[in-house]
Amino acid sequence: MKKTTLPEIIVKAGQPFASEYDKILKKIKEFKRIVIFRHIMPDFDALGTQMGLATWLKDNFPDKEIHVVGDNHVVFTPRLFPEMDSLKDEWFNDDFLAIIVDVSNASRVADPRFQKAKCIIKLDHHPDIENFQEIKVVETSFCAASELVVNMLLNFKGKYTLSKEAASYFYIGIVGDSGRFLYSATSAHTFVICEQLLKTGININAIYQKMYVKKIEDLYVTAYILNHFNVSEHGVAYYVLDEKTQKELNITTERGKENVNLFSNIEGIGAWCSITEDPKDQCWRVSIRSKEKPINGVATMFEGGGHAQASGAKLNSLDDLPRFINELDKLFL
Ligand code: AMP
């Protein structure tokens, strides 16, 4: 894409990061071996950004060795994303550049071997809570890490191509984290970035099919939740999926949060959550969403964090559930 055709809004949004963009491009050129990392239990944005960036790097620097690592997705691998690379520990003994996307804290990076990198770059849109990098671009106003990374790639000085394949991955990231352009972080910049992605010729209908297709069995999970949810005194909706129920419904722990947005457009409900037992980690994984009130403060109180309207947290026992719901409830007094 020619730099002269770049819309003003993309140039402007990139200006505060101009010197970081220069440094990052320099590092990309310097290292022969690059690994892209992202957060555990990945979502559309984590994987879309990781795969989009890896594809862009392979397209523009075909002589470099580019890898993606971390846990595969329980449903979207291989439907939407390829299997992650499995690299032996020895691979990390030689110099490499780590680019970490869509995660703010080191403990949530899906592969701890990023710590062995000669240089670490962090590209993220979560509140900046921990510094473990040499160079960072962190901006919470972007609705998705993909939006942030595409802004960077388009603003890089030089002539680079944005392929249809890379654009498809980034589009998945943006659609995923903006809730199909519904969440308030969706901006004019989001749409202009999407315009650039669409111009590569991506097939958005095919993308939506792969992102949102469901099986008949999935309807039984939704039916269970509609029959068993609770609503607190001040309008916090929540459902609980214990281990036994997950087995009965034939779903994995990672899939427990899939139905959380059933409550997003219900009058009188200001926040909503899924609470899913995780027998592996012996805890209850919580996904919290909200219409307007920021809920990440409550998430932080319960070993979590995230965005104002979408956060994750953890309960060590179901005994903590009343206290957790009460904290959310207090937001709506
Ligand atoms: P989830 O409910 O797992 O989809 O997460 C919603 C958002 O909160 C995502 O952007 C996650 O990256 C973020 N998030 C989830 N859990 C945590 C955590 N323990 N610490 C910080 N951010 C989190």
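So, let's start at Gly305: one of its backbone N or O atoms lies 3.3 Å from a nitrogen atom of the ligand. That's a polar contact, meaning a pair of N or O atoms within 3.5 Å; within protein, one has to be able to donate a hydrogen and the other to accept it, and residues adjacent in sequence count only if both atoms are side-chain atoms. Ser311 also uses a backbone N or O atom, 3.4 Å from an oxygen atom of the ligand. With Arg108 it's the side chain, where an N or O atom sits 3.3 Å from a ligand oxygen. How much of the ligand does the protein bury? Taken alone the ligand exposes 480 Å², and 86% of that is buried by the protein. Those areas come from the Shrake-Rupley method with a 1.4 Å probe, and for residues only the protein chains shown count as cover.

Before I go on, a word on what you're looking at. This is a predicted model, where local features need pLDDT of at least 70 and side-chain atom pairs count only at pLDDT 80 or more, while totals for chains, interfaces and linings use all residues. Residues are numbered from 1 along each chain as its sequence is written, and side-chain values use heavy atoms, with hydrogens and water left out.

Okay, back to the ligand. There are 15 residues around it, and His126, Lys257, Ser287, Arg289 and Gly305 come nearest; a residue is near if one of its heavy atoms lies within 4 Å. Strand β11 gives the most to the shell, with three residues. Helices are DSSP runs of H or I with at least four residues, strands are runs of E with at least two, and both are numbered from the N terminus.

Now over to Thr186, in the loop between α6 (164-177) and α7 (188-198). Is Thr186 buried or exposed? It counts as buried because its relative accessibility is 17%, and the cut-offs are under 20% for buried, over 50% for exposed, and partly exposed in between, with a 1.4 Å probe and protein chains only. A polar atom of the Thr186 side chain lies 2.8 Å from the backbone oxygen of Tyr183. Leaving aside neighbours within four places in sequence, Thr186 is in contact (heavy atoms within 4.5 Å) with Cys143, Ser178, Phe181 and Phe191.

Last topic: salt bridges, where a side-chain nitrogen of Lys or Arg is within 4 Å of a carboxyl oxygen of Asp or Glu. How many are there by this rule? The count comes to 20. One of them joins Lys280 and Glu254 at 3.8 Å, N to O. That pair links distant parts of the chain, 26 residues apart: Lys280 is in the loop between β8 (271-278) and β9, Glu254 in the loop between α10 (243-249) and β8. Lys280 is exposed, at 72% relative accessible area, and Glu254 is partly exposed, at 28%. Then there's Arg255 with Glu258, at 2.8 Å, N to O; Arg255 counts as buried at 18%, whereas Glu258 is partly exposed at 37%. And finally, Lys27, Glu30 and Glu134 are linked in a network of salt bridges.
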